[in-house]
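Hello,

Here is the structure I promised to pass on. Please open it first, then read my notes below.

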Amino acid sequence: MPLLRQVPGVGALSRPRLRWADVLIGAGIAVVFYLVVKASLGAAAPINLETAPQSVSTDPANLPYYALRSLLRMFAALAASTVFTFVVSTAAARLPRAEKIILPALDILQSVPILGFLSVTVTGFIAMFPGSTLGLEAASVFAIFTSQAWNMAFSFHSSLVAQASDLDEAARLMRLTKWQRFWKVDVPSGMIPLVWNGMMSFGGGWFFLAASEAISVGNNSYALPGVGAYVAAAVGAGELDHVWWAIATMAVMVLGVNFLFWRPLVAWTERFRQEDTAAADRPRSVVLEVLSHSTIPRGLGRAFAPVGRGLDAAMRPFGVAEHPLFVPAIRRRATDVVLIVLVAAAIAYGAYWAYDFISSNIGLGSFGEAFVLGLVTLLRVAVIIVLATIVWVPVGVWIGMSPKISRLAQPVVQLLASFPANFLFPFAIAFFVATNIPLDVGGILLMALGSQWYILFNVIAGASAIPTDLRQAMESFGLSRWQRWRRLILPAIFPSFVTGGITAAGGAWNASIVAEVVTYNHETITATGLGAYIAQATSSGDMARVLVGVIVMSVFVVGLNRLFWRRLYKIAETRFSL
Amino acid sequence: MSMTATATELITVANVSKSFATDGGEKTVLSDISLTIREGEIVALLGRSGSGKSTLLRCIAGLIGPTAGRVAYRGTRLNGANPGTALVFQSFALLPWFTVLENVELGLEAKGVKPAERRERALRAIDVIGLDGFESAYPKELSGGMRQRVGFARALVVEPDVLLMDEPFSALDVLTSENLRSELVRMWADGSMPTKTALIVTHNIEEAIQLADRVLVLDSNPGRIKAELAVGLPKPRDRRSPEFEALVDEVYGILTGQKAEARRTTGESTTTTAPSGPGLETPLPTASTGAIGGLLELLAAHGGTEGLAEIADELRYEIDDLLPVVDAANLLNLARPQGPDLRITEQGRRYAASDLLRAKEQFATLAVEAAPLVRHIVRALRHSDSGSLRADDVLTELKALYGDEAEQQLDTAIDWGRYGELYEFDSDSDRLLLPTHPDAAAGADHRDAHEG
């Protein structure tokens, strides 16, 4: 008994007191608030487009502020993508008719070369926000958004569709309201793939950030304060030393966002894992541990709980998340007919408008020209895939099969993959200029800089997933190195390789738009290809050619996906899934 | 029971049929089922896999709509989740991101119960079901038995008129399920269970007889009510009492008794390679050749006759494991069910006694004689010029008869044919081959390297 008396009572332990974690978190919140306000003030500043700066200052002292503005754009795009994902994926998963329209639309949108649309969107957004930089900001955010949203929407939709049927049944029998169902069942069950996908898409988004901050549309050049515009200005002026500063800033941003945002988020979403046993190497995060030691998050949660309850009550009139078992056949068919007519009319109108626009401006013959240029770019894409396969498959297998190297290499590869390739362009271009390599050949390297990592990434993942017992079995049989590759390794990594290949090819097509025309030291170098066709049409404001180029490139991407990659995928699924 | 005849009818199922569309046509899962659940009674739905018992339960829960007939709760036809029921799942179906308390509260939250009252009612349900002290645990921290207690607490906290249970103990180990089951029996007996009416779906005969006032035995393919048994034994029931054992034997007899008449052929099944053999509509029981041999050895060791209940006990088999093997032995004339017993035949005795090679030969002969699908494949192979047959063609033919189960039928036929060395299957080229086919031996080596 005396022992017990020496132990402080439960009350003493739980008495609120200021902990070091609280101080840290409190300071962190204040800093983030200050930065967001500062960056937003700049983004909403009034502007006269006639006198708007065509490029930004290349003084490295401006870089921290530029980085802040770029970050704000990235997170604004992420927020927009998340909202889009929630709305569109839920609609597709819950309304069978909406699904029939949304899924094919997303599939096409994700194969369309986004950068080709930049000119259209910039003009549109400037018209939406007259006299303010918000139009340009919105156009940049939209470009990043389009690189993230489709992926995230697909991921969330597939987790909604694949939701365990017993959870669905339990939710329906409990008669959860639509609002409750969404936040308590749907979002948590799709959380892990959504966050992973968001993280990957965010990494890809840097490329579009860099490409969209400085853009020429219809002989007008615009530049937003940001790291991407800084690089564009430095390259245009041939100041390679300033590019180094931008690269360093970029590396700090990528790593910082990873450390302060994605790692904690990934570690936190582990709670939504549905498997019974936790993974052996659970993602951990120092930041999350600090957060969990602080009382601030819980306090905030308590403070906002009434808001949640209010929303819950407010959403009650929208009804229970349940669908009727029986719908009169006549009503069902009538709705179907109306929907089909509407969609068909919209498509027909769009097709007619595009036809009319193109034939009256440049004539339909331009499709032939764009198609031939497309074949040239296709050749570059093919070379990239072949070379990247030869180089990165062995490296990826080597990294993936050794847990030790994997641990060391994974962050490096992740950094490389999300590092915007257009930041590295200046050095490659300087090299081409010095050695007289034409951009027709050099463009292959530029396009590869951004896209090859997907192959490496996926091969590492595939190789590290080969069960150890299989590898040991192969070793115990005394198979030679070549036999081991042929019998186990290549078949085992094939599915992940195909996934990497699709993404890499898509990335390369997109990159061709910024890689086939480059400006270096006040000089413009051009390669032959569909990317250059689109880029030149964009900067001269020739909308008809932009449209033709984008349509042809979409046909190439979608066609290759259907005819080539999807077949490989099928083989991978049926023959080589572990 | 006469007492319940006057009680309120809570759930009425009238002439319910349910069929699902499959690749090759339609698969009827439930056929013309009528039943009534009255206030205060516990009903068990007993059947083997494929009897559609879970489908029937989901129709009653309002989760799926029947193709024909109607399901009503208190006289109102269901058109969505049944408001008077709560379901306990085989897989628990807990939300892993919520604690025990949050999981139990969720159903009340959906009803818009105020937070304070919600908390109090949830804590009471947790207390009743024996989960005290686990309120703040996450489901993944709990054992299977504790998780299912959360499942019960979550279902009972909303005080449903009818508690629906879908094989609630079958994911638990024997001891845990026994413990939880007897606790439920006790709760019903001492009145601490808030819901008096229940429907339990199970494939465990003893469980059904232990819990229920009424047992409905479902037939398979398609599911229809085969028999209804009133269990008049006083509760708690002693599983070793002769009355209890007699009921168990009776149910075994019903389950293995006269088979439902062979499935009607839907449409003309034509094949270009051979005329379709008679009896293809009789399905192959999904039993492995190893299990069939094991069963016969066991029978032979017990002197040729043994009760099915005893065999199931000895092997720790559920009826879903045992009955397909019994059906297979019966089909191949190796053993015959007689009431609650299984008796070995002369063929069976010889099969059990012979060495591997001779057993394989005998199996081959019997399979060609008695297993329609095996005979069909062998004939088609012999009639074809190449000595090979595309498995896809056979599958298409089977899909018209069996829908989703076509692949299982083909798998069983491949297993039996391989064992009897009647034909081989090359999964790379998706062909069935006669052993004399030039590709046959090579195919076998190749196949082993790729499967897994």
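**A salt bridge between the chains**

The side chains of A:Lys184 and B:Glu109 meet in a salt bridge, at 3.1 Å from N to O. Bear in mind that this is a predicted model. The pair crosses between chains: A:Lys184 sits in helix α9 (residues 178–212) of chain A, and B:Glu109 sits in helix α3 of chain B. Side chains of opposite charge can pair when their charged atoms come close.

How many salt bridges does the rule find across the interface of chain B and chain A? It finds two. Over all chains, a search of the whole structure gives 39 salt bridges.

**The rest of the chain A and chain B interface**

The contact takes in 37 residues of chain B and 28 residues of chain A. Together, chain B and chain A bury about 2900 Å². Carbon and sulfur atoms account for 58% of that area. The size of an interface is often given as the accessible area lost when the parts come together.

There are also polar contacts here. The count between chain B and chain A is 13 residue pairs, both residues at pLDDT 80 or more. Which elements of chain B give two or more residues to the side that touches chain A? They are β6, α3 (100–110) and α5 (144–157) of chain B. Of these, α3(B) gives the most, with four residues.

**Domains of chain A**

Now look within chain A. The domain assignment gives three entries: domain 1 (53–258), domain 2 (326–361) and domain 3 (364–578). The C-alpha centres of domain 2 and domain 3 of chain A lie 36 Å apart. Their contact takes seven residues from domain 2 of chain A and eight residues from domain 3 of chain A.

These two domains of chain A, domain 2 and domain 3, bury about 510 Å² between them. Of that area, 93% is on carbon and sulfur atoms.

**A hairpin in chain A**

Strand β3 (residues 517–520) and strand β4 (residues 523–526) of chain A run antiparallel. Four bridges join them. A:Val517 has A:Thr526 in β4(A) as its bridge partner. The hairpin of β3(A) and β4(A) has two residues between the strands. In this hairpin, A:Asn521 takes a positive phi near 50 degrees.

**The six-stranded sheet of chain B**

Chain B has an open sheet of six strands. The order is β6-β7-β8-β3-β9-β10, with mixed pairing. Strands of a sheet pair through backbone hydrogen bonds, either parallel or antiparallel.

Why is one side of β6 (85–88) and of β10 (224–230) of chain B left without a neighbour in the sheet? Both strands stand at the edges, each with a single partner strand, so one side of each has no neighbour there. From one strand to the next, the twist averages 20 degrees.

Strand β9 (residues 214–219) of chain B pairs with β10(B) in the antiparallel sense, over six bridges. B:Leu216 stands opposite B:Glu228 in β10(B).

**The three-stranded sheet of chain B**

Another open sheet of chain B has three strands, in the order β11-β13-β12. The pairing is antiparallel. β11 (305–307) and β12 (335–338) of chain B stand at the edges. Each has a single partner strand, so one side of each is left without a neighbour in the sheet. The twist averages 25 degrees from one strand to the next.

Three bridges pair β11(B) with strand β13 (residues 341–344) of chain B in the antiparallel sense. Here B:Thr305 stands opposite B:Arg343 in β13(B).

Helix α9 (residues 289–301) of chain B packs on this sheet. Helix α9 of chain B touches β11, β12 and β13 of chain B, and its direction makes about 90 degrees with that of β13(B). Helix α10 (residues 308–315) of chain B lies across β11 and β13 of chain B. Helix α10 of chain B runs at about 80 degrees to β11(B).

Best wishes

Note on methods. Residues numbered from 1 in each chain as written. Chains lettered and ligands numbered in written order. Predicted model: local features only at pLDDT ≥ 70, side-chain atom pairs only at ≥ 80, totals over all residues. Heavy atoms only, no water. Pairing = 2+ DSSP bridges. Axes fitted to C-alpha atoms, helices over the stretch in contact; angles between N-to-C directions. Domains from an automatic or database assignment. Contact = heavy atoms within 4.5 Å. Buried area = accessible area lost by both parts, 1.4 Å probe. Salt bridge = Lys/Arg side-chain N within 4 Å of Asp/Glu carboxyl O. Polar contact = N/O pair within 3.5 Å; in protein donor to acceptor, adjacent residues only side chain to side chain.
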